[in-house]
Amino acid sequence: MADWFSSPLFGITLSIAAYGIGCWIQKKLRTPAANPLLIAIVLVILFLKATGIPLEAYNAGGDFIAMFLAPATACLAISIYRQLPVLKKNLIPVLAGSAVGAGVSMGSVYLLCRLFRLDEEMTASLLPKSVTTPIAMGVSEQLGGIVPITVAAVVFTGILGAIFAPLMIKIFRVRSPIAAGLAIGACSHAVGTSKAVELGEVEGAMSGIAIGTVGLVTVLLGMVLS
């Protein structure tokens, strides 16, 4: 049994089972607040705490799953390709909106960190919170941040976007699927994009484009700040 808990298969099985339960709960409750990823995180933490299994044992499989983050993000290219005519028609607004989104995200984080007197290391860890995890980790390392804190901030930001994006779209009466998709992707990366895909194919494609564009702008800004 001890060999099983130290095997990568344990972390993989636990992650899949927890996410499956999260999806089941979301279907039952039918509310954005019941986000499967959030539920899975809570279930995994509770399970590890209750059983006393060390985090290192879980990470043997969790790190294996993390390897698929970049390929999964790259798969968004399929929906983007399908919406290529829409992208060509709205290229300048798409690029400009994504660039502004990246600037506002990093600028607001920087100002809040200064307001709450956080040190440079913590500021560097939080600056790339709105880009997908592989890019955020690289930017955080480049700026001298703490990568685990960056990952936590990215996941938290994505979950918030997935939960509140539909509500915010209704509140601000965003009727353009292009604008809705760009806004979701610019602020909540791949996790938010999963919600954008549910809203529509155009929203999903534009959100995927925003992930790449915002990621590029964030990297460039990170090079300026480093």
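Is K195 buried or exposed? K195 counts as buried, at 10% relative accessibility; buried means under 20% relative accessible area, exposed over 50%, and partly exposed in between (1.4 Å probe, protein chains only). This is a predicted model, where local features need pLDDT of at least 70, side-chain atom pairs count only at pLDDT 80 or more, and totals for chains, interfaces and linings use all residues. Residues are numbered from 1 along each chain as its sequence is written, and side-chain values use heavy atoms, with hydrogens and water left out.

**Salt bridges**

- The count comes to two salt bridges, each a side-chain nitrogen of Lys or Arg within 4 Å of a carboxyl oxygen of Asp or Glu.
- K195 pairs with E198, with the closest N and O atoms 3.0 Å apart.
- Both residues lie in helix α12 (residues 177–199), three residues apart, about one turn of the helix.
- Helices are DSSP runs (H or I, at least four residues), numbered from the N terminus.
- E198 is exposed, because its relative accessible area is 54%.
- R114 and E120 form a salt bridge too, at 3.7 Å from N to O.
- R114 is partly exposed at 30%, whereas E120 is exposed at 55%.

**Helix α8**

- Helix α8 (residues 91–115) has 25 residues and should span 36 Å at 1.5 Å a residue; its end C-alpha atoms are 36 Å apart, so the two agree.
- The expected span is 1.5 Å times one less than the number of residues.
- Buried residues in α8 include V94, S98, G101 and C113.
- The buried residues of α8 pack against α7 (84–89), α9 (120–126), α12 and α13.

**T218 in helix α13**

- T218 sits in helix α13 (residues 201–225).
- T218 is buried, because its relative accessible area is 2%.
- The T218 side chain reaches the backbone oxygen of V214 at 2.7 Å.
- Leaving aside neighbours within four places in sequence, T218 is in contact (heavy atoms within 4.5 Å) with A102, M106, P128, V131 and V139.

**Nonpolar surface patch**

- F156, L160, F164, L167, M168, I171, F172 and V174 make a nonpolar surface patch of about 770 Å².
- Patch residues have over 30% relative accessible area and no salt bridge; nonpolar side chains (Val, Leu, Ile, Met, Phe, Trp, Tyr) are joined within 5 Å, and like charges within 9 Å.
- L160 belongs to helix α11 (residues 147–171).
- L160 is partly exposed, because its relative accessibility is 35%.

Definitions and conventions
Areas by Shrake-Rupley, 256 points an atom, 1.4 Å probe, with all protein chains shown as cover. Helix = DSSP H or I, 4+ residues; strand = E, 2+ residues; numbered from the N terminus. Polar contact = N/O pair within 3.5 Å; in protein donor to acceptor, adjacent residues only side chain to side chain.
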